[in-house]
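Here are some exercises to work through with the model open beside you. Try each task before reading its solution.

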Amino acid sequence: NEAAQTTALVNSMQKANLAGGAVSSLFVSIDQEGGYITRLNTGTQMPGNMAIAATGDSNNAFLAADVIGNELAVQGINVDFAPVMDVNNNPANPVIGVRSFSDDPAVVSEYGEKFIEGLHKNGVLTALKHFPGHGDTTADSHNGSVSVDKTWGAMKKMEIKPFQAGIDAGTDLVMTAHITCEKITRHKTPATLSRKLITDKLRNAMGFDGVVITDSMGMGAISSRYSSAQAAVRAIRAGADIVLSPVNLGEAFSGVERAVKNGTITEGELDVHVRRILKVKLKYR
């Protein structure tokens, strides 16, 4: 039974973590958006976001997330990398499409808030993705560099609205996109590694004080341009709290260790990230 195996595995991980002296439980995360981004082969197959929004009733987003959250929680999975808050405002987009609720930011906001509510009802943490918005792109950051040619003012009228709504609704995490926004950052650095976007915009301008997690660092937009160590250090310096799936975990860890020793990252900065993670973990123990 796959569900039983998953539950047993998660329980054994949590026990080993605590036995090793940890003071908090592990984040156990998954991409369980519904639709074709569904990682568990057991349980209820939920429709994707665009199909849910096509019903015209945002309560259906709550109902779908309630089912997803319940089935994750009983297996010990406590973080869902959802909901997708990207606005599907470019029909040529190869990676978002039906994963988005709509091409209207108001609709994305409304349905996304309900999705958050459904997961939270079951004690499952939410991670909005992919900040600052992967909807208006014509390439896939899994494969290589992707850019959005907009100013912050233009993005605030479209892409940013659902993220702000999700933050106001109490999301626990926000996942960054590996897209470049040169009109905002003035350089080709991906958002995941941009202090301008993560610290200045997401934290200071939008008021998000939860956990910032990167999208997978194994994706081409990062791994083709930076080593695991470079990417990890730059993400942390930009304001990310969790570096997700580096290509080489050992190299990433060593790189951060070196950065702390040489003062590139201070111990005080690391403490801020750790406290932020622990604060979010305390919400649902």
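**Exercise 1. Find which residues the ring pairs link into a cluster, and describe the pair of Phe 101 and Tyr 111.**

Step 1. The cluster consists of Phe 101, Tyr 111 and Phe 115, joined by ring pairs. Rings of Phe, Tyr and Trp (its six-membered ring) pair if their centres lie within 6.5 Å; planes under 30 degrees apart are stacked, over 60 edge-to-face, and the rest tilted. Searching the whole structure gives three aromatic pairs.

Step 2. Take the rings of Phe 101 and Tyr 111: their centres are 5.8 Å apart and their planes meet at 35°, so this pair is tilted.

Step 3. Now place the two residues. Phe 101 sits in the loop between strand S4 (79-80) and helix H4 (105-121), while Tyr 111 belongs to helix H4, so the pair ties together parts 10 residues apart in sequence. Helices (H or I, at least four residues) and strands (E, at least two) are DSSP runs, numbered from the N terminus.

Step 4. Buried means under 20% relative accessible area, exposed over 50%, and partly exposed in between (1.4 Å probe, protein chains only).

A word on the ground rules: this is a predicted model, where local features need pLDDT of at least 70 and side-chain atom pairs count only at pLDDT 80 or more, while totals for chains, interfaces and linings use all residues. Residues are numbered from 1 along each chain as its sequence is written, and side-chain values use heavy atoms, with hydrogens and water left out.

**Exercise 2. Trace the salt bridges of Lys 150, then look at Asp 149.**

Step 1. A salt bridge is a side-chain nitrogen of Lys or Arg within 4 Å of a carboxyl oxygen of Asp or Glu. The structure has 13 of them.

Step 2. Lys 150 bridges to Asp 136, with the closest N and O atoms 3.2 Å apart. This pair connects distant parts of the chain, 14 residues apart: Asp 136 is in the loop between strand S5 (125-131) and strand S6 (146-147), and Lys 150 in the loop between S6 and helix H5 (152-157).

Step 3. Lys 150 also meets Glu 159 in a salt bridge, at 2.7 Å from N to O.

Step 4. Compare the exposure of these residues. Lys 150 is buried at 17% relative accessible area, and Glu 159 is buried at 1%. Asp 136, at 22%, counts as partly exposed.

Step 5. Asp 149 pairs with Lys 183, their closest N and O atoms being 3.5 Å apart. Here the partners are 34 residues apart, with Asp 149 in the loop between S6 and H5 and Lys 183 in helix H7 (residues 182-185). Asp 149 is exposed at 59%, whereas Lys 183 is partly exposed at 37%.

**Exercise 3. Which residues are linked in a network of salt bridges, and which residue lies over the face of Phe 27?**

Step 1. The network joins Asp 31, Glu 33, Arg 39, Arg 99 and Lys 129.

Step 2. Follow the chain on from Lys 129: its peptide bond to His 130 is cis, with omega near 5°. His 130 is part of strand S5.

Step 3. Over the face of Phe 27 lies Lys 281, 5.1 Å from the ring centre. A charge sits over a ring if NZ of Lys or CZ of Arg is within 6 Å of the ring centre and within 35 degrees of the ring normal.

**Exercise 4. Inspect the backbone at Pro 83, Arg 186 and Ser 245.**

Step 1. Arg 186 is not a glycine, yet its phi is positive, near 70°. Its place is the loop between H7 and helix H8 (195-205), and Arg 186 is exposed at 67%.

Step 2. Ser 245 likewise has a positive phi, about 50°. This serine is in the loop between helix H10 (228-238) and helix H11 (249-261), and is partly exposed at 42%.
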